Amino acid sequence: MSKEIINSLEEKRTAALKGGGDTQIEKQHAKGKLTARERIEKLLDPHTFTETGMFVSHRAKGFGMENSHPATDGVITGWGKIDGRLVYVYAQDFTILGGSLGEAHGLKIAQLMDLAYQNGAPVIGLNDSGGARIQEGVDALAAYGEIFYRNTRASGVIPQISVILGPCAGGAVYSPGITDFIFMVDATAYMFITGPEVVKAVTHESVDANTLGGTDVHRAKSGTAHFTAPDEESLFNQLRHLLSFLPPNNMTPPPYEPPSDDPQRQVSELEKVVPLDPQQPYDVHTVIDAIVDDSEFLEVLPGYAMNIVVGFAHLDGHPVGIIANQPAYLAGVLDINSSDKGARFIRFCDAFHIPLVTFVDTPGFLPGIEQEHDGIIRHGAKMIYAYAEATVPKVAIILRKAYGGAYIVMSSKHLRSDYNLAWPGAEIAVMGPEGAVKIVFKKEIEASEDPAAAAAERTRQYRQEFANPYLAAARGYVDDVILPAESRQRLIAALETLRDKRQPTPSRKHGNIPL
């Protein structure tokens, strides 16, 4: 091969690797942002990235587009490894046309998603884009549609992860919205359907990008961002940690890690964690950390709907999904947002064969006009649907309170949970003893000489006779009543027997979850 041909190839590669050139790269760095190639290098194992479509460029004409055809068309695509496991990744390059998505750009992403889907490996999108390329009109919109279709087809087949590292507006937010997990970096990332200018023009409200759709908004208010971090490197470390719990696809078991934590370890510290007073709060993280391997728990959506806690951990080296009511926040009630959060997480775990471990301590669903009018019936039904639909191993421990409909919802036997335990102080009833007594013994209490004393005595009797785990155990609704210290070893033993669980499902296209 002639030296001229070789030199030509090297020149083209060098130009492609430079992206938008030194000036644009300096501007990217000045904003505290890495370039697309730097991001891929930080995320993947060293020297594992293979690029596809380096020399792709747009074919648009008009608006001066015909005068420049930069290589890659503003998105780097390819595959590599994370902790030795195959992943497909694309990174939008803001130094080229602001990372805007045109026809060629979008089809590169779509083709990469096809490879991920066909080969059964996760796909990771590093988003930093000005949105649809206006100069390409409907061709840009069509390319978005190709991506959305593939997001939907791959849902529940391969893990899909979106990382928001810059602007993400308009149609660009819908692809991340379909994916399984969204990561956002502080300060430079934001997501919204319509930007501040459009909002002001339509509603006359003045708002900046961060207030409208910054990290704080999506971490705590909208529940859109599952993970956030102060800088890109920390965010990539979180992403790598998440992948350590996930299988590459829905046909492969979750990754096993030989445990360093004794599966027979007693958790005697839990004997004093839950207060005897059922009205007194405590932090359920204490329970989770004590039980799981090496106290390692990766919480998902930690700043949103904090009355429920969800996340990933290991038990005897095997990944599990944790769902727990949080008595330290709103007494652990279920409401609209916590129901959505829990149902979404349950369905992800079920899609990828990750067993579900549920810790129950809830007084019920949150009452109130606002909750009723905003659809607590519909949203609460999502939790019921998700638990009932899930065919992965399901185990649960009732730590303290399990009242009314919330008892049924939280992985009860009636929704086909496989193994249910309760601590001795658990209260399982239609409602709390105080409320039940006020209804059942209302006339008797009002007629007594000392209503307060009569109510207290009836409450004591109700708690002793009805609000305990033994009636449920007698009916077979609870498989055993155990000491808190036994919780870890009993959960591990149950999950070991359920590892090869098979549960047939009805022949149907799909169910109709109450969205």
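Start by selecting Cys-349. Cys-349 is buried, at a relative accessible area of 0%. Here buried means under 20% relative accessible area, exposed over 50% and partly exposed in between, with a 1.4 Å probe and protein chains only. Now pick Cys-168, which is also buried, with a relative accessible area of 1%. How many disulfides does the count come to? The count is zero, a disulfide being a pair of cysteine sulfur atoms within 2.5 Å.

Before going on, note what you are looking at. This is a predicted model, in which local features need pLDDT of at least 70 and side-chain atom pairs count only at pLDDT 80 or more, while totals for chains, interfaces and linings use all residues. Residues are numbered from 1 along each chain as its sequence is written, and side-chain values use heavy atoms, leaving out hydrogens and water.

**The whole chain**

Zoom out. The C-alpha trace spans about 100 × 55 × 45 Å along its principal axes. The chain has 20 helices and 17 strands. These are DSSP runs numbered from the N terminus: helices are H or I with at least four residues, strands are E with at least two. Of the 515 residues, 51% count as buried. Of the contacts with a separation of 6 or more, 72% come from residues 24 or more positions apart. Contact means heavy atoms within 4.5 Å.

**Helix H5**

Select residues 138-154. This is H5, with 17 residues. H5 reaches 24 Å from its first C-alpha to its last, close to the 24 Å expected at 1.5 Å a residue; the expected span is 1.5 Å times one less than the number of residues. Colour Ala-140, Ala-143, Tyr-144, Ile-147, Arg-150, Asn-151 and Ala-154: these are buried. They sit on the same side of H5, because they cover an arc of only 125° around the axis. That arc is taken from the directions from the helix axis to the C-beta atoms. An α-helix has 3.6 residues a turn, so residues three or four places apart point the same way.

Turn to the other side of H5. Val-138, Leu-141 and Tyr-149 are exposed there. Then show what covers the buried residues: helix H4 (103-119), strand S5 (160-164) and helix H6 (174-178) are included.

**The S1–S2 loop**

Asp-73 lies in the loop between strand S1 (50-52) and strand S2 (75-82). Is Asp-73 buried or exposed? Asp-73 counts as buried, because its relative accessibility is 0%. Leaving aside neighbours within four places in sequence, its contacts include Val-56, Ser-57, His-58, Ala-104, His-105 and Arg-133. Select the backbone nitrogen of His-105: it lies 2.9 Å from a polar atom of the Asp-73 side chain.

Thr-72 is in the loop between S1 and S2 too. Thr-72 is buried, with a relative accessible area of 0%. Its phi is positive, near 80°, in a residue other than glycine. Most residues other than glycine have a negative phi. For another case, jump to Leu-330, whose phi is positive at about 55° although it is not a glycine. Leu-330 is in the loop between S12 and helix H12 (336-351). Leu-330 is partly exposed, with a relative accessible area of 45%.

**Arg-240 in H10**

Select Arg-240, in helix H10 (residues 232-243). Arg-240 is buried, with a relative accessible area of 19%. A polar contact of 3.1 Å joins its side chain to that of Asp-83. A polar contact is a pair of N or O atoms within 3.5 Å; within protein, one must be able to donate a hydrogen and the other to accept it, and residues adjacent in sequence count only if both atoms are side-chain atoms. Beyond four places in sequence, Arg-240 also touches Leu-43, Leu-44, Asp-45 and Ile-82.

**The cores**

Which residues touch the most other members of the largest nonpolar core? Select Ile-124, Leu-126, Val-163 and Phe-312, out of 86 residues. Such a core is a set of buried Ala, Val, Leu, Ile, Met, Phe, Trp, Tyr and Cys residues joined through side-chain atoms within 4.5 Å. Val-163 has contacts, beyond four places in sequence, that include Ile-124, Leu-126, Phe-183 and Leu-239. A second, separate core of 31 residues includes Val-267, Ile-288, Phe-297 and Ala-494.

**Last stop: H20**

Ala-494 is among the buried residues of H20, as are Leu-491 and Ile-492. What the buried residues of H20 pack against includes helix H11 (284-291), strand S11 (308-315) and strand S12 (318-325). Finish on Gln-489, in helix H20 (residues 487-497). Gln-489 counts as buried, at 18% relative accessibility. Not counting residues up to four places away in sequence, Gln-489 touches Pro-263, Gln-264, Arg-265 and Gln-266.
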